[in-house]
Amino acid sequence: MTHNARQRFRATAKLKLHEKYADDAAFSSRSANPELSKSKAKALDLKRIAALIDRIRALQDKLYAQHKQKVLLILQGMDTAGKDGTIRAMFNGISPMGIRAAAFKAPTDNELAHDYLWRVHQQVPVKGEIAIFNRSHYEDVLITKVQGMIDGEECQRRYAQIRDFERMLAETGTVIVKVFLHISKEEQRERLQERLDDPDKQWKFNPADVEQRKKWNDYQRAYEQAIRETNAPHAPWYVVPANSKTHRNLVVASLLLETLEGMDLAYPEPHPDLSSFTVE
């Protein structure tokens, strides 16, 4: 049973990314029963996530078979917010048929030679598919703005272009779910330090992350504005508390399940006269 995650975590018109919200654990078993130990609550939440993924798996099979609608799940967040971890947790047990992840890193020279949405449009889902964006076209109104690559006027133009782009996707059968994974500055510090301290995770550490961290407040304001400017009924934003990895996965699984449940998915009708066929 989900808790109406789409209502609980939907971004508001006057969104402010307060640090305390990153620790919100409203969906956790411990929130419902404070007497539970942390370990017991986590174990229960992991079982709940597994149950949600089982239901997502069944609906994804119908989405693929029906081959009419499409789902685009966009994951955005600061470095270490858990975009990779969310994808691994959510889709590890789901059939790869009809599931595809796309990561958007620094654009290549060829991509820079086109408009900024060109590389994104190539990765949108096809009929019957769930596409997951690990970062997205929103990088072009986030890092570009914070780093001074575009001015305020160009940023406003891009907000309008993104709104039009997403409206076009929605009008041609794509159900869009946009998730901001909200972590606190202290949580990011701990996760970056963990990468430094663990030899098996040092490959993940990028010195540039430390430089970007110095502009934390600028990025928070850029995210707030981008979310407010592009939050729409056909392309809603959800702000998911992500300091707890387990609670993060619980909320994102709930969001995706509620989305799929609202899509009227069903297996196609079989051949009208199967009785006439025999398999020799």
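**Entry 1: strands S2 and S3**

I looked up arginine 100 and found that this residue stands opposite alanine 131 in S3. S2 and S3 run parallel and are joined by 5 bridges; I count two strands as paired if DSSP finds at least two bridges between them. Helices (H or I, at least four residues) and strands (E, at least two) are taken as DSSP runs, numbered from the N terminus. I note here that this is a predicted model, in which local features need pLDDT of at least 70 and side-chain atom pairs count only at pLDDT 80 or more, while totals for chains, interfaces and linings use all residues. Residues are numbered from 1 along each chain as its sequence is written, and side-chain values use heavy atoms, with hydrogens and water left out.

**Entry 2: the sheet**

I then followed the order of the strands, and the 5 strands form an open sheet that reads S2-S3-S1-S4-S5, with parallel pairing. Strand S2 (99-103) and S5 are at the edges and have a single partner strand each, so one side of each has no neighbour in the sheet. On average, and with direction ignored, neighbouring strands of this sheet are turned by 20° against each other.

Helix H4 (residues 83-91) packs on the sheet and touches S1, S2, S3 and S4, and its direction makes about 145° with that of S1. Helix H8 (residues 152-171) also packs on the sheet, where it touches S1 and S4, and its direction makes about 135° with that of S4. Contact means heavy atoms within 4.5 Å, and the axes are lines fitted to C-alpha atoms, for helices over the stretch in contact, with angles from 0 to 180 degrees between N-to-C directions.

**Entry 3: strand S1**

Are the residues of strand S1 (residues 70-77) buried or exposed? I found that 8 of its 8 residues are buried, where buried means under 20% relative accessible area, exposed over 50%, and partly exposed in between (1.4 Å probe, protein chains only). Lys70, Leu72, Ile74 and Gln76 point one way from S1, whereas Val71, Leu73, Leu75 and Gly77 point the other way. S1 pairs in the parallel sense with S4 over 8 bridges and with S3 over 5 bridges. Leucine 72 has isoleucine 176 as its bridge partner in S4 and stands opposite alanine 131 in S3.

**Entry 4: glutamate 129**

I found glutamate 129 in the loop between helix H6 (118-121) and S3, and this residue counts as buried at 11% relative accessibility. Its side chain makes a polar contact with the side chain of arginine 100 at 2.9 Å and reaches the backbone nitrogen of valine 126 at 3.1 Å. A polar contact is a pair of N or O atoms within 3.5 Å; within protein, one must be able to donate a hydrogen and the other to accept it, and residues adjacent in sequence count only if both atoms are side-chain atoms.

**Entry 5: aromatic rings**

Rings of Phe, Tyr and Trp (its six-membered ring) pair if their centres lie within 6.5 Å, and planes under 30 degrees apart count as stacked, over 60 as edge-to-face and the rest as tilted. By this rule I have 4 aromatic pairs. One of them is the edge-to-face pair of tyrosine 138 and tryptophan 237, at 4.9 Å centre to centre with 70° between the planes. Tyrosine 138 lies in the loop between strand S3 (130-134) and helix H7 (143-146) and tryptophan 237 in strand S5 (residues 237-241), so the pair ties together parts that are 99 residues apart in sequence.
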